[in-house]
Every structure is written in structure tokens, then in C-alpha cells.
Amino acid sequence: MDLTLATREVDGRAIVSVGGEIDVYTAPKLRDCITELVGAGTYDIVVDLESVEFLDSTGLGVLVGGLKKVRAHDGSLDLVCTQERLLKIFRITGLAKVFVIHDSIGLAPGA
């Protein structure tokens, strides 16, 4: 399974819709996308995980790294996720307390 990324801007925030599997092989693609956004001056990012079928520790690391990048510029990296199997990963790792996780893209500020 490959990783698909679609980026759009809404009210000054970048919405990155992710699909497929985020693993050791595909995570660099997501990392590069976030790095390019930050490099272009976009510091408020929403990552939509609704179409993600698999997420491993490498993918979590990319999301944490992205959060650190935007916070260095007083930005934010929020997530959109309703899939229980992914939410469980965020709860078990303690990352549910680190990330702001929305139920829908419409609830994310500016989205």
C-alpha cells in the first residue's frame, strides 16, 4: 500500500489529507510534505488521517517532528481522526495529550 497526500489551504492553514499506510517506507513522504510547508512559511497545519489504514512508530515520529517544527514558529499541527484503532495508538503512547485531535475537518479551526 502506498501513501497518498493531498494539500490544500483554507484560511491560512494547510490541510494535508493522508491516505494509505504511514510506515517506515512511506513516512519520509509525509515528513517532506510537512517540511516543505514549514519552509514555505505555513506554520498552522491540519493533518487529516481519516483515510489512513496503518500507522507505525515511524509515522508517529514524523507527526511529532512536524509538531516540533511548527511550534518553533508558534504554529500548530492538529490532527483529524475518528478511527478507533488509530486513536488507541495515540492514547497508548501518550500522544493524545500532545496533539489536538478533532472529530472532523470542519471542527479544526480555520478548516
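**Close-up views of a predicted model**

**View 1. Thr-42 sits in the loop between α1 (27–39) and β3.** Thr-42 has a relative accessible area of 15%, and because the cut-off for buried is under 20%, it counts as buried. Setting aside its neighbours within four places in sequence, Thr-42 is in contact with Ala-14 and Leu-37.

**View 2. β2, α1 and β3 build a right-handed β-α-β unit.** Here you can follow β2 and β3 running parallel, joined by eight bridges. Look for Gly-20, which stands opposite Val-52 in β3.

**View 3. A right-handed crossover takes the chain from β3 through α2 to β4.** Five bridges pair β3 with β4 in the parallel sense. Asp-48 has Val-80 in β4 as its bridge partner. Helix α2 (residues 57–71) lies across β2 (13–22), β3 (44–55) and β4, and its angle to β4 is about 145°.

**View 4. Two bridges link β4 (residues 76–80) to β5 in the parallel sense.** Val-80 turns up again in this view, standing opposite His-102 in β5.

**View 5. The five strands make an open sheet in the order β1-β2-β3-β4-β5.** The pairing across this sheet is mixed. At the edges are β1 (3–10) and β5 (101–102); each has a single partner strand, so one side of each is left without a neighbour in the sheet. As a reminder for reading this view, strands of a sheet pair through backbone hydrogen bonds, either parallel or antiparallel.

Note on methods: Residues numbered from 1 in each chain as written. Predicted model: local features only at pLDDT ≥ 70, side-chain atom pairs only at ≥ 80, totals over all residues. Heavy atoms only, no water. Pairing = 2+ DSSP bridges. Helix = DSSP H or I, 4+ residues; strand = E, 2+ residues; numbered from the N terminus. Contact = heavy atoms within 4.5 Å. Axes fitted to C-alpha atoms, helices over the stretch in contact; angles between N-to-C directions. Buried < 20%, exposed > 50% of the residue type's maximum accessible area, 1.4 Å probe, protein only. Right-handed = clockwise from strand over helix to strand, strands pointing away.
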